[in-house]
Amino acid sequence: MEQSIFQYDFIIKGLLGALFASITAGLAGTYIVSRRMVFLSGGITHASFGGIGIGYFAGINPVIGAAVFGILSALGVEYLSVRQKIREDSAIGILWAFGMATGIIFIYLTPGYSPNLMSYLFGSILTVSNTDIAALGIMSIILIVYFVVFYRTILYISFDEAYARTYSSYVDIFKYITTSLMALTIVLNIRMAGVILVLSLLTIPPNIAMIFTRVYFKIVIWSVLAGFTGTVTGYAISYFAGIPVGATIIFTLVIIWIIAKGIKQLLIYYP
Amino acid sequence: MNSLSASYGGRLVLENVNFYVQENDFIGVIGPNGGGKTTLLKIILGLLKPVSGKIIFNNDLLNSKSIGYLPQISTGDLNYPVTVKDILLSGLMIRKGVISRMSAEDKRNAAAVIDKLGLRDLAGSQLSELSGGQLQKVFLGRALIGNPRLLLLDEPGNFVDSSFENDFYEKLKELNSRMAILMVSHDVGTISQHIKSFACVNRSLHYHPSYEITNDDLLAYGCPIQLITHGEVPHTVLKIHN
(Lines give C-alpha, C1' and ligand atoms only; values in the text may rest on other atoms or scores of the structure.)
Protein backbone atom coordinates (compact mmCIF):
# COMPACT_ATOMS: atom_id res chain seq x y z
CA MET A 1 0.00 0.00 0.00
CA GLU A 2 2.67 2.43 1.08
CA GLN A 3 4.66 1.65 -2.00
CA SER A 4 1.78 2.17 -4.41
CA ILE A 5 1.10 5.61 -2.94
CA PHE A 6 4.73 6.43 -3.39
CA GLN A 7 4.56 5.19 -6.97
CA TYR A 8 1.40 7.19 -7.67
CA ASP A 9 3.04 10.32 -6.27
CA PHE A 10 6.11 9.63 -8.35
CA ILE A 11 4.08 9.28 -11.55
CA ILE A 12 2.06 12.46 -10.90
CA LYS A 13 5.25 14.36 -10.18
CA GLY A 14 6.85 12.96 -13.30
CA LEU A 15 3.89 13.85 -15.52
CA LEU A 16 3.53 17.37 -14.10
CA GLY A 17 7.26 17.90 -14.41
CA ALA A 18 7.19 16.69 -18.00
CA LEU A 19 4.24 18.94 -18.82
CA PHE A 20 5.78 22.09 -17.32
CA ALA A 21 9.21 21.31 -18.74
CA SER A 22 7.67 20.88 -22.21
CA ILE A 23 5.68 24.12 -22.00
CA THR A 24 8.59 26.24 -20.78
CA ALA A 25 11.12 24.57 -23.08
CA GLY A 26 8.77 24.83 -26.07
CA LEU A 27 8.19 28.56 -25.62
CA ALA A 28 11.78 29.41 -24.71
CA GLY A 29 13.23 26.98 -27.22
CA THR A 30 11.29 28.39 -30.17
CA TYR A 31 12.53 31.87 -29.28
CA ILE A 32 16.11 30.65 -28.85
CA VAL A 33 16.20 28.56 -32.02
CA SER A 34 14.59 31.14 -34.28
CA ARG A 35 16.74 33.96 -32.92
CA ARG A 36 19.82 31.73 -33.34
CA MET A 37 20.72 31.99 -29.66
CA VAL A 38 21.57 28.33 -29.13
CA PHE A 39 25.22 29.00 -28.35
CA LEU A 40 24.28 31.85 -25.98
CA SER A 41 21.91 29.47 -24.21
CA GLY A 42 24.71 26.95 -23.84
CA GLY A 43 26.79 29.68 -22.25
CA ILE A 44 23.99 30.63 -19.85
CA THR A 45 23.50 26.99 -18.85
CA HIS A 46 27.12 26.38 -18.04
CA ALA A 47 27.60 29.78 -16.41
CA SER A 48 24.75 28.92 -14.06
CA PHE A 49 26.75 25.94 -12.80
CA GLY A 50 28.93 28.54 -11.08
CA GLY A 51 25.82 29.62 -9.17
CA ILE A 52 25.07 26.02 -8.22
CA GLY A 53 28.58 25.67 -6.75
CA ILE A 54 28.34 28.90 -4.79
CA GLY A 55 24.87 27.88 -3.59
CA TYR A 56 26.28 24.63 -2.22
CA PHE A 57 29.18 26.37 -0.58
CA ALA A 58 27.05 29.08 1.03
CA GLY A 59 24.36 26.62 2.06
CA ILE A 60 21.57 28.27 0.08
CA ASN A 61 19.34 26.62 -2.53
CA PRO A 62 21.65 25.98 -5.51
CA VAL A 63 18.78 26.77 -7.94
CA ILE A 64 18.70 30.34 -6.60
CA GLY A 65 22.44 30.65 -7.13
CA ALA A 66 22.05 29.25 -10.64
CA ALA A 67 19.20 31.64 -11.44
CA VAL A 68 21.24 34.66 -10.37
CA PHE A 69 24.26 33.47 -12.37
CA GLY A 70 22.16 32.56 -15.40
CA ILE A 71 20.27 35.86 -15.60
CA LEU A 72 23.34 37.99 -14.96
CA SER A 73 25.34 36.18 -17.64
CA ALA A 74 22.48 36.42 -20.15
CA LEU A 75 22.08 40.14 -19.56
CA GLY A 76 25.85 40.57 -19.66
CA VAL A 77 26.18 38.96 -23.07
CA GLU A 78 23.20 40.87 -24.51
CA TYR A 79 24.62 44.10 -23.12
CA LEU A 80 28.11 43.43 -24.47
CA SER A 81 26.78 42.53 -27.90
CA VAL A 82 24.73 45.74 -28.01
CA ARG A 83 27.82 47.76 -27.08
CA GLN A 84 29.90 45.69 -29.49
CA LYS A 85 32.97 46.14 -27.38
CA ILE A 86 33.67 42.41 -27.49
CA ARG A 87 32.76 39.67 -29.95
CA GLU A 88 29.67 37.90 -28.73
CA ASP A 89 30.93 34.35 -29.33
CA SER A 90 34.16 35.08 -27.44
CA ALA A 91 32.20 36.54 -24.53
CA ILE A 92 30.02 33.42 -24.41
CA GLY A 93 33.06 31.14 -24.56
CA ILE A 94 34.68 32.91 -21.62
CA LEU A 95 31.48 32.88 -19.58
CA TRP A 96 30.90 29.19 -20.34
CA ALA A 97 34.25 28.09 -18.95
CA PHE A 98 34.23 30.61 -16.10
CA GLY A 99 30.89 29.30 -14.82
CA MET A 100 32.03 25.68 -14.88
CA ALA A 101 35.34 26.56 -13.20
CA THR A 102 33.59 28.54 -10.46
CA GLY A 103 31.15 25.71 -9.87
CA ILE A 104 33.85 23.06 -9.61
CA ILE A 105 36.03 25.16 -7.26
CA PHE A 106 33.19 25.93 -4.84
CA ILE A 107 31.85 22.40 -4.80
CA TYR A 108 35.39 21.19 -4.06
CA LEU A 109 35.68 23.71 -1.22
CA THR A 110 32.36 22.66 0.30
CA PRO A 111 33.02 20.39 3.27
CA GLY A 112 31.55 16.90 3.05
CA TYR A 113 30.22 14.95 0.11
CA SER A 114 27.66 16.53 -2.24
CA PRO A 115 25.28 13.69 -3.09
CA ASN A 116 23.17 15.73 -5.49
CA LEU A 117 25.99 17.02 -7.66
CA MET A 118 25.49 14.38 -10.32
CA SER A 119 21.81 15.24 -10.50
CA TYR A 120 22.71 18.81 -11.45
CA LEU A 121 25.02 17.62 -14.18
CA PHE A 122 22.78 14.92 -15.64
CA GLY A 123 19.33 15.61 -14.18
CA SER A 124 17.20 13.33 -12.07
CA ILE A 125 13.50 13.14 -11.40
CA LEU A 126 14.23 11.59 -8.00
CA THR A 127 15.77 14.79 -6.68
CA VAL A 128 13.14 17.07 -8.19
CA SER A 129 11.22 18.51 -5.25
CA ASN A 130 7.63 19.69 -5.17
CA THR A 131 9.01 23.22 -4.98
CA ASP A 132 10.89 22.64 -8.24
CA ILE A 133 7.71 21.41 -9.93
CA ALA A 134 5.75 24.37 -8.57
CA ALA A 135 8.45 26.78 -9.79
CA LEU A 136 8.27 25.26 -13.28
CA GLY A 137 4.47 25.51 -13.17
CA ILE A 138 4.61 29.20 -12.27
CA MET A 139 7.23 29.73 -14.96
CA SER A 140 4.92 28.06 -17.51
CA ILE A 141 2.14 30.50 -16.65
CA ILE A 142 4.46 33.51 -16.77
CA LEU A 143 5.83 32.51 -20.18
CA ILE A 144 2.41 31.76 -21.67
CA VAL A 145 1.03 35.11 -20.51
CA TYR A 146 4.15 36.96 -21.65
CA PHE A 147 4.15 35.45 -25.14
CA VAL A 148 0.39 35.78 -25.64
CA VAL A 149 0.30 39.43 -24.57
CA PHE A 150 3.43 40.59 -26.39
CA TYR A 151 3.38 38.07 -29.26
CA ARG A 152 3.85 40.47 -32.18
CA THR A 153 6.27 42.73 -30.35
CA ILE A 154 8.52 39.78 -29.50
CA LEU A 155 8.16 38.31 -32.99
CA TYR A 156 9.07 41.51 -34.82
CA ILE A 157 11.96 42.48 -32.56
CA SER A 158 13.47 39.03 -33.06
CA PHE A 159 12.93 39.15 -36.81
CA ASP A 160 14.29 42.62 -37.54
CA GLU A 161 15.66 44.47 -34.57
CA ALA A 162 16.94 47.41 -36.62
CA TYR A 163 13.53 48.03 -38.16
CA ALA A 164 11.79 47.60 -34.81
CA ARG A 165 13.96 50.42 -33.47
CA THR A 166 12.43 52.79 -36.04
CA TYR A 167 9.03 52.52 -34.38
CA SER A 168 9.67 51.40 -30.82
CA SER A 169 11.88 52.64 -28.05
CA TYR A 170 11.25 49.45 -26.06
CA VAL A 171 13.46 47.15 -28.13
CA ASP A 172 16.27 46.83 -25.59
CA ILE A 173 13.92 46.43 -22.62
CA PHE A 174 12.10 43.60 -24.38
CA LYS A 175 15.35 41.92 -25.36
CA TYR A 176 16.57 42.02 -21.76
CA ILE A 177 13.28 40.79 -20.31
CA THR A 178 12.92 37.96 -22.82
CA THR A 179 16.52 36.85 -22.42
CA SER A 180 16.16 36.86 -18.62
CA LEU A 181 13.06 34.68 -18.91
CA MET A 182 15.01 32.33 -21.20
CA ALA A 183 17.80 32.11 -18.62
CA LEU A 184 15.32 31.40 -15.83
CA THR A 185 13.64 28.70 -17.93
CA ILE A 186 16.98 27.03 -18.56
CA VAL A 187 17.92 27.10 -14.88
CA LEU A 188 14.58 25.67 -13.73
CA ASN A 189 14.88 22.85 -16.25
CA ILE A 190 18.39 21.95 -15.09
CA ARG A 191 16.84 19.85 -12.29
CA MET A 192 15.12 17.77 -14.97
CA ALA A 193 17.72 17.36 -17.64
CA GLY A 194 20.95 18.50 -16.03
CA VAL A 195 23.47 21.17 -16.99
CA ILE A 196 24.91 19.10 -19.80
CA LEU A 197 21.65 18.05 -21.45
CA VAL A 198 19.16 20.86 -20.77
CA LEU A 199 20.06 22.70 -23.97
CA SER A 200 18.77 19.83 -26.09
CA LEU A 201 15.47 19.87 -24.20
CA LEU A 202 15.05 23.42 -25.53
CA THR A 203 16.46 23.03 -29.03
CA ILE A 204 15.35 19.59 -30.26
CA PRO A 205 11.53 20.08 -29.94
CA PRO A 206 11.44 23.31 -32.04
CA ASN A 207 13.60 21.59 -34.63
CA ILE A 208 11.13 18.70 -34.76
CA ALA A 209 8.29 21.24 -35.15
CA MET A 210 10.10 23.19 -37.87
CA ILE A 211 10.25 20.10 -40.05
CA PHE A 212 6.48 20.48 -40.49
CA THR A 213 5.64 24.16 -39.96
CA ARG A 214 7.34 27.53 -40.27
CA VAL A 215 4.68 29.58 -38.50
CA TYR A 216 5.96 30.81 -35.14
CA PHE A 217 3.01 29.98 -32.86
CA LYS A 218 2.53 26.61 -34.53
CA ILE A 219 6.20 25.84 -33.90
CA VAL A 220 5.57 26.58 -30.20
CA ILE A 221 2.54 24.27 -30.03
CA TRP A 222 4.23 21.39 -31.85
CA SER A 223 7.36 21.86 -29.75
CA VAL A 224 5.38 21.49 -26.54
CA LEU A 225 3.69 18.33 -27.87
CA ALA A 226 6.97 16.86 -29.14
CA GLY A 227 8.70 17.79 -25.88
CA PHE A 228 5.95 16.21 -23.77
CA THR A 229 5.95 13.01 -25.82
CA GLY A 230 9.74 12.76 -25.64
CA THR A 231 9.91 13.55 -21.93
CA VAL A 232 7.19 11.11 -20.85
CA THR A 233 8.54 8.34 -23.06
CA GLY A 234 12.02 9.07 -21.76
CA TYR A 235 10.77 8.89 -18.15
CA ALA A 236 9.11 5.57 -18.75
CA ILE A 237 12.13 4.03 -20.44
CA SER A 238 14.46 5.45 -17.79
CA TYR A 239 12.26 4.09 -14.98
CA PHE A 240 11.95 0.58 -16.35
CA ALA A 241 15.49 0.31 -17.70
CA GLY A 242 17.04 2.04 -14.67
CA ILE A 243 19.13 4.46 -16.74
CA PRO A 244 19.61 8.23 -16.13
CA VAL A 245 16.46 10.16 -16.99
CA GLY A 246 18.04 13.25 -18.62
CA ALA A 247 20.02 11.20 -21.08
CA THR A 248 17.03 8.97 -21.87
CA ILE A 249 14.80 11.98 -22.60
CA ILE A 250 17.33 13.53 -24.96
CA PHE A 251 17.90 10.18 -26.64
CA THR A 252 14.13 9.78 -27.15
CA LEU A 253 13.82 13.33 -28.54
CA VAL A 254 16.57 12.72 -31.08
CA ILE A 255 14.84 9.49 -32.15
CA ILE A 256 11.58 11.47 -32.59
CA TRP A 257 13.50 14.04 -34.63
CA ILE A 258 14.92 11.33 -36.90
CA ILE A 259 11.49 9.72 -37.34
CA ALA A 260 9.97 13.16 -38.14
CA LYS A 261 12.69 13.79 -40.74
CA GLY A 262 11.92 10.39 -42.25
CA ILE A 263 8.18 11.08 -42.40
CA LYS A 264 8.87 14.42 -44.06
CA GLN A 265 11.04 12.75 -46.70
CA LEU A 266 8.33 10.16 -47.35
CA LEU A 267 5.77 12.96 -47.72
CA ILE A 268 8.01 14.65 -50.26
CA TYR A 269 8.45 11.50 -52.35
CA TYR A 270 4.93 10.08 -51.87
CA PRO A 271 2.65 13.03 -51.26
CA MET B 1 14.53 70.69 -39.62
CA ASN B 2 16.05 73.66 -37.89
CA SER B 3 19.81 74.42 -37.88
CA LEU B 4 20.38 70.78 -37.13
CA SER B 5 23.75 69.15 -36.60
CA ALA B 6 24.42 65.48 -36.08
CA SER B 7 27.42 63.33 -35.45
CA TYR B 8 27.92 59.65 -36.08
CA GLY B 9 30.70 57.63 -34.49
CA GLY B 10 32.12 60.76 -32.89
CA ARG B 11 32.36 62.56 -36.22
CA LEU B 12 30.23 65.52 -37.23
CA VAL B 13 28.43 64.40 -40.38
CA LEU B 14 25.67 66.95 -40.70
CA GLU B 15 26.23 70.56 -39.91
CA ASN B 16 23.70 73.33 -39.59
CA VAL B 17 21.10 71.74 -41.82
CA ASN B 18 17.96 73.71 -42.52
CA PHE B 19 15.46 71.84 -44.56
CA TYR B 20 11.81 71.08 -44.79
CA VAL B 21 9.72 68.61 -46.65
CA GLN B 22 6.68 69.99 -48.41
CA GLU B 23 3.47 68.11 -48.86
CA ASN B 24 3.67 65.69 -51.79
CA ASP B 25 7.23 66.62 -52.61
CA PHE B 26 9.43 63.95 -54.20
CA ILE B 27 12.95 64.66 -53.05
CA GLY B 28 16.01 62.89 -54.33
CA VAL B 29 18.71 62.97 -51.67
CA ILE B 30 22.09 62.69 -53.35
CA GLY B 31 25.64 63.00 -52.16
CA PRO B 32 28.87 61.05 -51.80
CA ASN B 33 29.24 58.01 -49.54
CA GLY B 34 29.77 59.10 -45.97
CA GLY B 35 28.26 62.47 -46.81
CA GLY B 36 25.47 62.07 -44.26
CA LYS B 37 22.54 60.78 -46.32
CA THR B 38 21.79 57.82 -44.09
CA THR B 39 22.39 59.95 -40.99
CA LEU B 40 19.73 62.33 -42.30
CA LEU B 41 17.25 59.44 -42.50
CA LYS B 42 18.19 58.23 -39.04
CA ILE B 43 17.55 61.70 -37.66
CA ILE B 44 14.14 61.85 -39.30
CA LEU B 45 13.28 58.37 -38.00
CA GLY B 46 14.38 59.37 -34.52
CA LEU B 47 17.07 56.67 -34.37
CA LEU B 48 19.72 59.29 -33.83
CA LYS B 49 19.48 62.33 -31.62
CA PRO B 50 20.80 65.53 -33.18
CA VAL B 51 23.75 67.21 -31.49
CA SER B 52 22.01 70.53 -31.87
CA GLY B 53 18.90 71.84 -33.56
CA LYS B 54 15.68 69.91 -33.86
CA ILE B 55 13.05 68.43 -36.08
CA ILE B 56 9.63 69.98 -36.05
CA PHE B 57 6.67 68.07 -37.37
CA ASN B 58 3.67 69.96 -38.61
CA ASN B 59 1.31 67.78 -36.65
CA ASP B 60 -1.68 68.16 -38.90
CA LEU B 61 0.23 66.83 -41.86
CA LEU B 62 2.93 64.72 -40.39
CA ASN B 63 4.10 63.23 -37.16
CA SER B 64 6.63 60.61 -36.24
CA LYS B 65 3.97 57.93 -36.58
CA SER B 66 3.11 58.74 -40.19
CA ILE B 67 6.48 57.89 -41.68
CA GLY B 68 7.03 54.81 -43.81
CA TYR B 69 10.55 53.50 -44.16
CA LEU B 70 12.22 51.18 -46.66
CA PRO B 71 15.71 50.39 -45.38
CA GLN B 72 18.73 50.10 -47.64
CA ILE B 73 19.29 46.45 -46.93
CA SER B 74 16.98 44.29 -44.96
CA THR B 75 18.52 43.54 -41.61
CA GLY B 76 15.91 40.89 -40.95
CA ASP B 77 16.80 37.22 -40.75
CA LEU B 78 15.31 35.74 -43.92
CA ASN B 79 15.11 32.30 -42.32
CA TYR B 80 13.07 33.58 -39.38
CA PRO B 81 9.70 31.83 -39.15
CA VAL B 82 7.45 34.68 -40.27
CA THR B 83 5.19 34.93 -43.30
CA VAL B 84 4.94 37.73 -45.86
CA LYS B 85 1.64 38.75 -44.29
CA ASP B 86 3.24 38.99 -40.83
CA ILE B 87 5.97 41.25 -42.22
CA LEU B 88 3.41 43.57 -43.78
CA LEU B 89 1.49 43.74 -40.51
CA SER B 90 4.70 44.73 -38.72
CA GLY B 91 4.41 48.04 -40.62
CA LEU B 92 1.41 48.81 -38.40
CA MET B 93 3.39 48.44 -35.18
CA ILE B 94 4.35 52.11 -35.39
CA ARG B 95 0.75 52.98 -34.48
CA LYS B 96 0.32 50.24 -31.95
CA GLY B 97 1.63 49.72 -28.48
CA VAL B 98 3.66 46.77 -27.32
CA ILE B 99 0.48 44.88 -26.44
CA SER B 100 -0.73 44.47 -29.96
CA ARG B 101 -3.52 42.49 -31.48
CA MET B 102 -4.14 42.81 -35.19
CA SER B 103 -7.80 43.58 -35.84
CA ALA B 104 -9.81 42.17 -38.72
CA GLU B 105 -9.46 45.57 -40.36
CA ASP B 106 -5.67 45.45 -40.06
CA LYS B 107 -5.71 42.06 -41.73
CA ARG B 108 -7.97 43.35 -44.53
CA ASN B 109 -5.56 46.27 -45.01
CA ALA B 110 -2.66 43.87 -45.26
CA ALA B 111 -4.56 41.75 -47.78
CA ALA B 112 -5.32 44.88 -49.85
CA VAL B 113 -1.66 45.95 -49.90
CA ILE B 114 -0.62 42.38 -50.76
CA ASP B 115 -3.04 42.42 -53.71
CA LYS B 116 -1.85 45.82 -54.93
CA LEU B 117 1.75 44.66 -54.93
CA GLY B 118 0.84 41.44 -56.72
CA LEU B 119 1.92 39.24 -53.84
CA ARG B 120 -1.33 37.39 -53.22
CA ASP B 121 0.09 33.95 -53.96
CA LEU B 122 2.97 34.60 -51.61
CA ALA B 123 1.06 35.91 -48.56
CA GLY B 124 1.72 32.75 -46.57
CA SER B 125 5.27 32.25 -47.82
CA GLN B 126 8.50 32.45 -45.89
CA LEU B 127 10.91 35.22 -46.85
CA SER B 128 13.58 32.69 -47.78
CA GLU B 129 11.35 31.51 -50.63
CA LEU B 130 11.19 34.94 -52.32
CA SER B 131 13.30 36.53 -55.03
CA GLY B 132 15.10 39.83 -54.49
CA GLY B 133 12.39 41.80 -56.30
CA GLN B 134 9.61 40.11 -54.35
CA LEU B 135 11.40 40.83 -51.08
CA GLN B 136 11.70 44.48 -52.06
CA LYS B 137 7.94 44.55 -52.67
CA VAL B 138 7.28 43.01 -49.25
CA PHE B 139 9.38 45.62 -47.50
CA LEU B 140 7.79 48.39 -49.58
CA GLY B 141 4.43 46.98 -48.48
CA ARG B 142 5.57 47.11 -44.86
CA ALA B 143 6.41 50.80 -45.32
CA LEU B 144 3.08 51.56 -47.02
CA ILE B 145 0.53 49.65 -44.95
CA GLY B 146 0.17 52.40 -42.36
CA ASN B 147 -0.71 54.97 -45.07
CA PRO B 148 2.30 57.18 -44.32
CA ARG B 149 2.43 60.86 -45.20
CA LEU B 150 6.16 60.66 -45.73
CA LEU B 151 7.92 57.71 -47.32
CA LEU B 152 11.65 57.31 -46.75
CA LEU B 153 13.53 55.16 -49.24
CA ASP B 154 17.17 54.34 -48.63
CA GLU B 155 18.94 53.38 -51.87
CA PRO B 156 16.00 51.45 -53.31
CA GLY B 157 17.94 50.94 -56.56
CA ASN B 158 20.36 48.67 -54.73
CA PHE B 159 18.21 45.61 -54.66
CA VAL B 160 15.49 46.28 -57.14
CA ASP B 161 16.02 43.91 -60.03
CA SER B 162 15.87 45.55 -63.44
CA SER B 163 12.61 43.89 -64.44
CA PHE B 164 10.96 45.43 -61.43
CA GLU B 165 12.69 48.80 -61.64
CA ASN B 166 10.31 50.54 -64.08
CA ASP B 167 7.36 49.14 -62.20
CA PHE B 168 8.83 50.35 -58.96
CA TYR B 169 9.36 53.94 -60.12
CA GLU B 170 5.89 54.05 -61.67
CA LYS B 171 4.53 52.85 -58.35
CA LEU B 172 6.39 55.64 -56.57
CA LYS B 173 4.94 58.22 -58.94
CA GLU B 174 1.45 56.99 -58.12
CA LEU B 175 2.20 56.99 -54.38
CA ASN B 176 3.56 60.50 -54.63
CA SER B 177 0.06 61.84 -55.21
CA ARG B 178 -0.76 60.75 -51.67
CA MET B 179 2.50 61.22 -49.78
CA ALA B 180 5.80 63.03 -49.82
CA ILE B 181 8.74 60.84 -50.77
CA LEU B 182 12.33 61.24 -49.76
CA MET B 183 14.59 58.93 -51.70
CA VAL B 184 18.27 58.52 -50.91
CA SER B 185 20.55 57.53 -53.75
CA HIS B 186 24.25 57.75 -54.38
CA ASP B 187 23.67 56.88 -57.98
CA VAL B 188 22.73 60.21 -59.53
CA GLY B 189 22.66 58.64 -62.98
CA THR B 190 19.70 56.38 -62.43
CA ILE B 191 17.62 58.43 -60.07
CA SER B 192 14.00 58.44 -61.07
CA GLN B 193 12.64 60.96 -63.55
CA HIS B 194 9.70 61.49 -61.30
CA ILE B 195 11.75 63.35 -58.75
CA LYS B 196 10.55 66.90 -58.22
CA SER B 197 13.41 68.33 -56.22
CA PHE B 198 16.89 67.52 -55.02
CA ALA B 199 18.71 67.71 -51.72
CA CYS B 200 22.49 67.49 -52.01
CA VAL B 201 23.96 66.20 -48.78
CA ASN B 202 27.63 66.42 -48.01
CA ARG B 203 27.92 67.54 -44.42
CA SER B 204 25.82 70.51 -45.39
CA LEU B 205 22.50 70.23 -47.17
CA HIS B 206 21.54 72.14 -50.27
CA TYR B 207 17.97 71.98 -51.38
CA HIS B 208 17.05 72.53 -55.02
CA PRO B 209 13.33 73.14 -55.14
CA SER B 210 12.65 72.09 -58.72
CA TYR B 211 14.23 71.31 -62.03
CA GLU B 212 16.56 74.14 -62.73
CA ILE B 213 18.84 74.30 -65.70
CA THR B 214 20.99 77.31 -66.30
CA ASN B 215 23.64 77.49 -68.95
CA ASP B 216 26.80 77.58 -66.94
CA ASP B 217 25.75 75.60 -63.92
CA LEU B 218 27.00 72.14 -63.40
CA LEU B 219 26.32 69.68 -60.72
CA ALA B 220 28.99 70.38 -58.16
CA TYR B 221 28.92 69.69 -54.50
CA GLY B 222 32.49 69.00 -53.61
CA CYS B 223 32.81 65.61 -55.19
CA PRO B 224 34.33 65.00 -58.62
CA ILE B 225 31.44 64.45 -60.96
CA GLN B 226 31.29 65.34 -64.60
CA LEU B 227 28.32 65.27 -66.81
CA ILE B 228 28.55 63.78 -70.27
CA THR B 229 25.55 64.27 -72.45
CA HIS B 230 24.50 64.57 -76.08
CA GLY B 231 21.17 66.00 -75.21
CA GLU B 232 17.82 64.29 -75.87
CA VAL B 233 18.15 62.06 -72.84
CA PRO B 234 16.23 63.71 -70.03
CA HIS B 235 18.67 65.22 -67.62
CA THR B 236 18.72 67.64 -64.78
CA VAL B 237 21.37 70.17 -64.00
CA LEU B 238 21.42 71.85 -60.63
CA LYS B 239 22.88 75.23 -59.84
CA ILE B 240 26.08 75.68 -57.90
CA HIS B 241 25.69 75.93 -54.14
CA ASN B 242 26.35 79.37 -52.73
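Start by selecting chain B: of its 242 residues, 37% are buried (20 or more other C-beta atoms within 10 Å of the residue's own, with C-beta atoms placed from the backbone). Keep in mind that this is a predicted model, where local features need pLDDT of at least 70, side-chain atom pairs count only at pLDDT 80 or more, and totals for chains, interfaces and linings use all residues. Residues are numbered from 1 along each chain as its sequence is written, and chains are lettered from A, with ligands numbered from 1, in the order in which they are written.

Now switch to cartoon. Chain B shows five helices and nine strands (DSSP runs: H or I of at least four residues, E of at least two). Trace the chain from the N terminus and you'll pass β-β-β-α-β-β-α-α-α-β-α-β-β-β.

Next, bring chain A back. Here 18 residues of chain B are in contact with 21 residues of chain A (C-beta atoms within 7 Å). On the chain B side, that's eleven nonpolar, six polar and one charged (Asp, Glu, Lys and Arg are charged; Ala, Val, Leu, Ile, Met, Phe, Trp, Tyr, Cys and Pro nonpolar; the others, Gly among them, polar).

Finally, select residues 38–58 and 171–193 of chain A, helices α2 and α9: their axes come within 10 Å and cross at roughly 55° (axes are lines fitted to C-alpha atoms over the stretch in contact, with angles from 0 to 180 degrees between N-to-C directions). Show side chains for S41(A), I44(A), T45(A) and S48(A) on α2(A), plus M182(A), A183(A), I186(A), V187(A) and I190(A) on α9(A), which make the contact. By class, this contact has six nonpolar, three polar and no charged residues.

Definitions and conventions: Two residues are in contact if their C-beta atoms, placed from the backbone, lie within 7 Å. A residue is buried if 20 or more other C-beta atoms lie within 10 Å of its own, exposed if 12 or fewer, and partly exposed in between; C-beta atoms are placed from the backbone.
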